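Me: Hi! Could you look at this structure with me and talk me through a few things?
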Amino acid sequence: TVSTARHAMQPVIKAIEPVHVKIHETAAELLMLHSQSRNTEVLAKVVQLNQLMEILLDQLILLNGSSAP
């Protein structure tokens, strides 16, 4: 049922939220560092942002798989 499917998705949805928030925080930090011409630190934040985006993508794929009939 739809209720069972929603229940099965809840752990994945809960895991997505902190990663989503961290992506926004990291992007804001990256922009601040860039505005201060702290290029080495910017590159490190780009790597971190890319890793977070990969984690989010993996979680979204799981979510999509758990919602399939």
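Me: What do the side chains of lysine 45 and glutamate 29 meet in?
Reply: Lysine 45 and glutamate 29 form a salt bridge, with N to O at 2.5 Å. The term means a side-chain nitrogen of Lys or Arg within 4 Å of a carboxyl oxygen of Asp or Glu. Side chains of opposite charge can pair when their charged atoms come close.
Me: Before we go on, what sort of model is this?
Reply: The model is predicted: local features need pLDDT of at least 70 and side-chain atom pairs count only at pLDDT 80 or more, while totals for chains, interfaces and linings use all residues. Residues are numbered from 1 along each chain as its sequence is written, and side-chain values use heavy atoms, with hydrogens and water left out.
Me: Thanks. Which helices do lysine 45 and glutamate 29 lie in?
Reply: For that salt bridge between lysine 45 and glutamate 29, lysine 45 sits in helix H2 and glutamate 29 in helix H1, so the pair ties together parts that are 16 residues apart in sequence. Helices here are DSSP runs of H or I with at least four residues, strands are runs of E with at least two, and both are numbered from the N terminus.
Me: Is lysine 45 buried or exposed?
Reply: Lysine 45 counts as buried, at 17% relative accessibility. Glutamate 29 is partly exposed at 29%. The cut-offs are under 20% relative accessible area for buried, over 50% for exposed, and partly exposed in between, using a 1.4 Å probe and protein chains only.
Me: And what does lysine 45 touch, not counting residues up to four places away in sequence?
Reply: Lysine 45 is in contact with Thr26, Glu29, Leu30 and Leu33. Contact means heavy atoms within 4.5 Å.
Me: Thr26 is on that list. Where is threonine 26 placed?
Reply: Threonine 26 belongs to helix H1, which covers residues 2–35. Its relative accessible area is 0%, so threonine 26 is buried. Leaving aside neighbours within four places in sequence, threonine 26 contacts Lys45, Gln48, Leu49 and Leu52.
Me: Now valine 42. How far apart are the C-alpha atoms of valine 42 and leucine 30?
Reply: Those C-alpha atoms are separated by 5.5 Å, and the two residues are 12 apart along the chain. Valine 42 lies in helix H2, residues 39–66, and is buried with a relative accessible area of 11%. Beyond residues up to four places away, valine 42 touches Leu30, Leu33 and His34.
Me: Back to charges. How many salt bridges does a search of the whole structure find?
Reply: The search finds two. Besides lysine 45 with glutamate 29, glutamate 41 pairs with arginine 38, their closest N and O atoms being 2.7 Å apart. Glutamate 41 is partly exposed at 37%, and arginine 38 is partly exposed at 32%.
Me: What about the phi of serine 37?
Reply: Serine 37 has a positive phi of about 55 degrees although it is not a glycine. Serine 37 is in the loop between H1 and H2 and counts as exposed, at 56% relative accessibility.
Me: Last one: what does the secondary structure of the protein chain come to?
Reply: The chain has two helices and zero strands. Buried residues make up 22% of its 69 residues. Of the contacts between residues at least 6 apart in sequence, 64% join residues at least 24 apart.
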